[in-house]
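User: Hi! Could you walk me through this one? I'd like to go through it bit by bit.

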Amino acid sequence: MNQITPQGGTDALYERVRHLVPAMEWETFLADIRAIETLKRERNAVILAHNYQTPEIFHCVADIRGDSLALAREAQETDADVIVMAGVHFMAETAKMLNPHGTVLIPDRKAGCSLADSITGADVRALRARHPGVPVVTYVNTSAEVKAESDICCTSGNAKRVVESLGTDSVIMIPDEFLARNIGAETGIRMITWPGHCEVHERFTPEEIDRMRADNPGLVVLAHPECPPEVVAASDFSGSTAMMADFVRGHASDPILLVTECSMSDNLAIQYPRTAFVRPCNMCPHMKRITLSNIRHALETMTHEVTLDPELASRGRRAVERMLAI
Ligand code: SF4
């Protein structure tokens with residue numbers, strides 16, 4: 001648990017975020033942070049926070065932090081009675097799938113995802129009918145219904161390994177078209193794609209990267225694989241949020257350009273204060289629906305609980321567990 005002192009703005013917790021959170025703003029966060037810590041103890045609850053959450057959530061109230069894969073693993077392992085997902089709805093569904101006896105709460109039901117919303121279970125069945133015998137690899141950024149129609153899931157961190165593990169010449173890889181094309185280019189496996197895009201990462205362009213390189217000599221460019229292939233090609237390294245964090249750890253003094261969601265850069269800048277970050281900022285509006293105040297409200301009222309049809313959850317779990325076994 002975090003240590004909170006009554007002095008508020010000068011406490012140890014504030015030290016973590018002080019170069020990103022102004023003192024005046026911190027004062028407005030303190031009541032919620034204190035209430036959340038008390039409620040977590042009373043409810044035996046943990047808060048899982050995705051890397052794209054704002055620093056006051058990620059660094060000040062989260063118990064478990066990471067990308068989709070890390071959060072899925074931790075949801076399975078935790079012995080807490082209540083999981084609050086400081087992320088988007090598909091992440092809460094995945095947590096519920098992997099921890100069916102726990103209570104999973106999402107502070108705002110409308111925290112969606114352009115990728116998850118791009119495809120339905122019926123779309124997956126139609127793809128299978130058009131390409132009989134071709135395995136379906138589904139990005140975790142999908143609903144439980146879509147996972148239930150899939151052979152195996154993947155994240156941006158393990159997509160290459162998952163696809164190669166199947167030993168086939170072709171794969172139906174859904175719903176992120178750019179991730180599928182990027183993995184197809186890396187592996188030489190024919191990708192049957194779906195036109196789903198992350199509304200944050202699809203907006204980056206190679207011209208933007210060229211401009212930043214011109215303005216920042218020696219810049220090292222890291223791009224998330226949900227970016228268009230021409231953006232990945234213009235970068236020095238492409239990897240999941242966890243892989244980007246690992247890369248930054250090993251290159252502490254380089255100027256680094258993070259081609260991903262704004263808060264990921266903020267959170268890494270807090271962890272690596274000696275690194276010079278260049279941060280083009282595209283924000284995920286869905287992640288930003290989660291706030292300290294609605295996390296507190298979720299724990300006070302035990303809402304909004306995520307429930308899943310047991311049969312659908314069991315089929316979806318099979319696809320997620322196949323991935324976790326790799
Ligand atoms: S950043 Fe993109 S993939 Fe992640 S939740 Fe937002 S819209 Fe979905």
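Predicted model: local features only at pLDDT ≥ 70, side-chain atom pairs only at ≥ 80, totals over all residues.

User: Great. What domains is the protein divided into?
Analyst: Domain 1 covers 8-111 + 287-301, domain 2 covers 116-197 and domain 3 covers 201-278. Those bounds come from an automatic or database domain assignment.

User: How many residues of domain 2 and domain 3 are in contact?
Analyst: On the domain 2 side there are 10, and they meet 11 residues of domain 3; contact means heavy atoms within 4.5 Å. The C-alpha centres of these two domains are 26 Å apart.

User: And what area is buried between domain 2 and domain 3?
Analyst: About 800 Å², with carbon and sulfur atoms giving 56% of it. Buried area is the accessible area (1.4 Å probe) that two parts lose on being put together, summed over both. In domain 2, Ser156, Phe178 and Asn182 lose the most area to domain 3, together 55% of what that side buries.

User: How many salt bridges or polar contacts are there across the interface of domain 2 and domain 3?
Analyst: The rule finds zero salt bridges there, taking one as a side-chain nitrogen of Lys or Arg within 4 Å of a carboxyl oxygen of Asp or Glu. For polar contact, the rule finds five residue pairs, both residues at pLDDT 80 or more. A polar contact is a pair of N or O atoms within 3.5 Å; within protein, one must be able to donate a hydrogen and the other to accept it, and residues adjacent in sequence count only if both atoms are side-chain atoms. Helix H9 (residues 177-187) supplies four residues, the largest share of the domain 2 side.

User: Switching topic: in what order do the strands of the open sheet run?
Analyst: The order of the four strands is S10-S9-S11-S12, with parallel pairing. Strands (E, at least two) and helices (H or I, at least four residues) are DSSP runs, numbered from the N terminus, and two strands pair if DSSP finds at least two bridges between them. Strand S11 (residues 255-259) is joined to S12 by three bridges, and Ile256 stands opposite Phe277 in S12.

User: Last one: where are the cis peptide bonds?
Analyst: One joins Ile174 and Pro175, with omega about -10°; Pro175 lies in the loop between strand S7 (170-174) and H9. Another joins Thr303 and His304, with omega about -5°.

Terms used: Residues numbered from 1 in each chain as written. Heavy atoms only, no water.
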